[in-house]
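Hi,

Here is the structure I promised to send over. Have a look at it first, and then read on for my notes.

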Amino acid sequence: MSNNDVDPLSRIRRLCHQLCSSSCVNQKRHGLHVVFLKQRPHWSVLKKDEQFKQIDLGDKVPFDIALPLPARDPDKPNSEEGVKLFWETFKCERCGRCCFTPGAGLYLEKEDFEKIAEHLGSKKKLKSLCRYDKDLKGWVLRQPCPFYDTEKKECLIYEIRPLTCTKYPLHPPLREMPYNLAVDAFCPGARDLAKETLGWWIICENNWAKILAKLTSD
Ligand code: SF4
Ligand code: SF4
């Protein structure tokens, strides 16, 4: 399939990711959306209450929310820009939900397993806190996580916490928004960020409009 066969919106989103991810992130970092919003209110802001209600559903029903930030892209050296702005903006509320909620378990990369086993002084000790997952061919830490201190509300192995924990609440991009970062709506910090950044979508749409105008004039 040639590039031209892809539907126009997907093509524009792809081009946006390739051409403007770093400038778009800078525009958002410096609040250009506020200027645009004064010129033309964005639907996401006009429908704020509806959007907030939808986002708040993530408190009970697990789902992922796409953010107006570019995701990592192996073909694009600047693709870390969106991830950087995410970590500059995200505020963990230290609620402990991601660590202390019953669940299927937390997959340990080989490196994670080695580091944590060394810290505990034995592989046997770590295995007693995990289950072996045949499909994943690896050890999965039981949840609620045995390394969460419920009184102090902190991780007892923070410096060597598993890779998955270092990325949370970032999740893989949604299928329908493959070039945007996505977060777990179960995390209250992520929900607040999604609310705060609703107006940022106006910058994406302005950039898409410029790309579309250029494509049609070529
Ligand atoms: S669920 Fe989110 S806000 Fe709560 S501790 Fe985890 S990362 Fe922080
Ligand atoms: S290892 Fe630490 S950060 Fe990861 S789930 Fe357990 S307590 Fe939370």
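Let me start with a strand pairing: E3 and strand E4 (residues 138-143) run antiparallel and are joined by four bridges. Within that pairing, Cys 130 sits opposite Leu 141 in E4. Do keep in mind that this is a predicted model.

E3 and E4 belong to an open sheet of three strands, ordered E2-E4-E3, with antiparallel pairing. Strand E2 (103-107) and strand E3 (130-133) are at the edges with a single partner strand each, so each has one side without a neighbour in the sheet. On average, neighbouring strands here are turned by 45° against each other, ignoring direction.

Then there's strand E1 (residues 64-70). Six of its seven residues are buried, so the rest of the structure largely encloses it. E1 runs antiparallel to strand E8 (residues 180-184), and four bridges join the two. One of the pairs to look at is Ala 66, whose bridge partner in E8 is Ala 182.

Now the ligands. Which residues surround ligand 2? They are Cys 99, Leu 106, Cys 145, Phe 147, Tyr 148, Cys 155, Ile 157, Arg 161, Pro 162 and Cys 165. That shell splits into nine nonpolar residues, no polar ones and one charged. Around ligand 1 you'll find Cys 92, Glu 93, Arg 94, Cys 95, Gly 96, Arg 97, Cys 98, Tyr 168, Pro 169, Cys 187, Pro 188 and Gly 189.

As you know, most residues other than glycine have a negative phi, and most peptide bonds are trans. Here are the exceptions I noted:

- Gln 143 and Pro 144 are joined by a cis peptide bond, with omega about 0°. Pro 144 is in the loop between E4 and strand E5 (148-149).
- Tyr 168 to Pro 169 is also a cis peptide bond, omega being near 10°. Pro 169 belongs to the loop between helix H8 (163-167) and strand E7 (170-171), and both Tyr 168 and Pro 169 are among the residues around ligand 1.
- Arg 94, not a glycine, has a positive phi of about 50°. You'll find Arg 94 in the loop between helix H5 (81-89) and E2; it is exposed, with 9 other C-beta atoms within 10 Å.
- Lys 153 has a positive phi of about 55°, again without being a glycine. Lys 153 is in the loop between E5 and strand E6 (154-155), and it counts as exposed with 12 C-beta neighbours inside 10 Å.

Cheers

Methods:
Residues are numbered from 1 along each chain as its sequence is written. Chains are lettered from A and ligands numbered from 1 in the order in which they are written. This is a predicted model: local features need pLDDT of at least 70, side-chain atom pairs count only at pLDDT 80 or more; totals for chains, interfaces and linings use all residues. A residue is near a molecule or strand if its C-beta atom, placed from the backbone, lies within 6 Å of it. Ala, Val, Leu, Ile, Met, Phe, Trp, Tyr, Cys and Pro count as nonpolar, Asp, Glu, Lys and Arg as charged, and the others, Gly among them, as polar. Two strands pair if DSSP finds at least two bridges between them. Axes are lines fitted to C-alpha atoms, for helices over the stretch in contact, and angles run from 0 to 180 degrees between N-to-C directions. A residue is buried if 20 or more other C-beta atoms lie within 10 Å of its own, exposed if 12 or fewer, and partly exposed in between; C-beta atoms are placed from the backbone.
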